[in-house]
Amino acid sequence: MAVDVLLGLQWGDEGKGKIVDVLAPKYQVVARFQGGPNAGHTLEFDGFKHVLHQIPSGIFRQEVQNIIGNGVVLDPIIFKKEIEGLAKYNLDLKKNLEVSKKASIILPTHRLLDAAYEKAKGDAKIGSTLKGIGPTYTDKISRQGLRVGDMISPNFKAKYDGLVARHKGILDVYQFEYDLTEAEKEFFEAVEFMKQFALVDSEYSVNNALDAGKTILAEGAQGSLLDVDFGSYPFVTSSNTVTAGACTGLGIAPKNIGEVYGIFKAYATRVGSGPFPTELLDEVGERMRQEGREFGSTTGRPRRCGWIDLPALKYAMMINGVTQLVMMKVDVLNIFEEINICTAYKLQDGTITQNLPYDLTDEKVEPVYETLKGWNTSLEGLRTFESLPAELTAYIKFLEEKLGLPINFISTGPDRDECVLRGALA
Ligand code: GDP
Ligand code: IMO
Ligand code: MG
């Protein structure tokens, strides 16, 4: 069997959590491969709404094995809180959840460093979630980070003290004031708490599952346009959010990648700073935000909203090798008389292009729009492609033609059941 990958094609928050949860019954393993508590993946079912940050979105399906892979940066304090928050669902988490010993640990001082760096950047700040993601990946790459496997080592405290001393040195340079007492106490409690879970070499779990013919879904976090290499650098996260990240973040060979589900909203959003060519700073954007409840699942910040951006979407499809498209939140566009679609960019020198310029911050592109008629009606209860309003099927067909792939999965509401499937996915 192959590992299927599911990831966001925009700036995150596309609705990955919902779709992983919907697809999970088809899989025996669901694994996170990058990111950490900067993610907020929302699942809604049976009247419950639950936001997951580090735990894979297959967790509510009892028969699914969930893995936090080596590419993830994990905050033990948030892990403990998440596990406690799941108590009411009566899940067997000691059995259904594995954590890679090679996943990096976020220390309380990583969060302080995140805050210190952002403060020092002033107006140029990234808009980080301040969860310590960047500083933790920095320490991983500079070969001085701590990993989950170190928690069970007798010299964990010594390793911790060594790294924290270096962090304190940097915080002093930034003249950043802090009090670590409470956070350190919570951290060491959480480290003890984590030891009761299966801390494993998860590359074996994943490859043994593959050998045994099991089905595996790799769950991306963030979005392709936040990828550290291909996103709108420097306004990105610090990991590879694209398909290739699933190979390094889980220890699977590229030849084992199967389907790549690319998820996108029927419009676009971004939270945090950075270029956003189709952003709507007017009343239309505000209506989109209210209708789509576009407020961050992790930070509560209002998300910036705009029309769908096909050059950016095509770029993300190219980098990821998308084989299946999933369109989310089409119901949010119910309220609009007309729907704009950005089909190209006009550069400052007048050139029209479908390619993403090297730097969208300096090169202020102007979106070229085509306009379609809206459907202006509720989609409630509609479960088949044939029952969708004609204007919506026209919108879908327009996108399919431009993107060169069918859209076989359409999400019409936050609940698990609010989906329209067709073609290969029906
Ligand atoms: P993720 O980070 O990609 O998992 O996405 P988030 O959970 O951060 O944000 C997606 C939001 O949209 C959540 O509040 C979901 O409950 C909600 N959502 C998901 N699919 C749909 C949909 O089709 N329609 C509407 N209106 N909301 C949706
Ligand atoms: P999910 O998985 C949306 C954004 C932040 C900031 C930038 C860097 O829920 O889609 P970081 O904390 O990683 O240093 O922040 O990336 N960001 C996200 N935006 N959804 C996410 O995750 C995000 N994770 C990080 O807002 O602009
Ligand atoms: Mg999210």
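A residue counts as buried when its relative accessible area is under 20%. Glu-294 has a value of 0%, so Glu-294 is buried. This is a predicted model.

**Glu-294 and its surroundings**

- Glu-294 sits in the loop between helix 10 (283–291) and strand 13 (304–306).
- Its side chain makes a polar contact of 2.7 Å with the side chain of Arg-303.
- The side chains of Glu-294 and Lys-329 are also joined by a polar contact, at 3.0 Å.
- Neighbours within four places in sequence aside, Glu-294 touches residues including Lys-265, Tyr-267, Thr-269 and Met-288.
- Arg-301, Pro-302 and Cys-305 are also among the residues in contact with Glu-294.

**The magnesium ion**

- Which protein residues donate to the magnesium ion (ligand 3)? They are Asp-13, through OD, and Gly-40, through O.
- Asp-13 is in the loop between strand 1 (3–8) and helix 1 (16–23).
- Gly-40 is in the loop between strand 2 (29–32) and strand 3 (41–45).
- The pair therefore ties together parts that are 27 residues apart in sequence.
- Asp-13 is partly exposed, with a relative accessible area of 22%.
- Gly-40 has a relative accessibility of 9%, so Gly-40 counts as buried.

**Ligand 1**

- How many residues surround ligand 1? There are 20, and the closest are Gly-15, Lys-16, Thr-42, Asp-331 and Ser-411.
- A polar side-chain atom of Thr-42 is 2.5 Å from an oxygen atom of ligand 1.
- For Glu-44, an N or O atom of the side chain lies 3.4 Å from an oxygen atom of ligand 1.
- Taken alone, ligand 1 exposes 580 Å², and the protein buries 94% of that.
- Arg-303 also links back to Glu-294, through the side-chain polar contact of 2.7 Å.

**The cysteines**

- A disulfide is a covalent bond between the sulfur atoms of two cysteines.
- The count of disulfides here is 0.
- Cys-305 is in no disulfide, and the nearest cysteine sulfur, in Cys-342, is 16 Å away.
- Cys-305 is buried, at 1% relative accessibility.
- Cys-342 is buried too, with a relative accessible area of 0%.

Note on methods:
Residues numbered from 1 in each chain as written. Chains lettered and ligands numbered in written order. Predicted model: local features only at pLDDT ≥ 70, side-chain atom pairs only at ≥ 80, totals over all residues. Heavy atoms only, no water. Donors = N, O, S within 2.8 Å, 3.2 Å for Na, K, Ca; no water. Helix = DSSP H or I, 4+ residues; strand = E, 2+ residues; numbered from the N terminus. Buried < 20%, exposed > 50% of the residue type's maximum accessible area, 1.4 Å probe, protein only. Polar contact = N/O pair within 3.5 Å; in protein donor to acceptor, adjacent residues only side chain to side chain. Contact = heavy atoms within 4.5 Å. Near = heavy atom within 4 Å. Areas by Shrake-Rupley, 256 points an atom, 1.4 Å probe, with all protein chains shown as cover. Disulfide = S-S within 2.5 Å.
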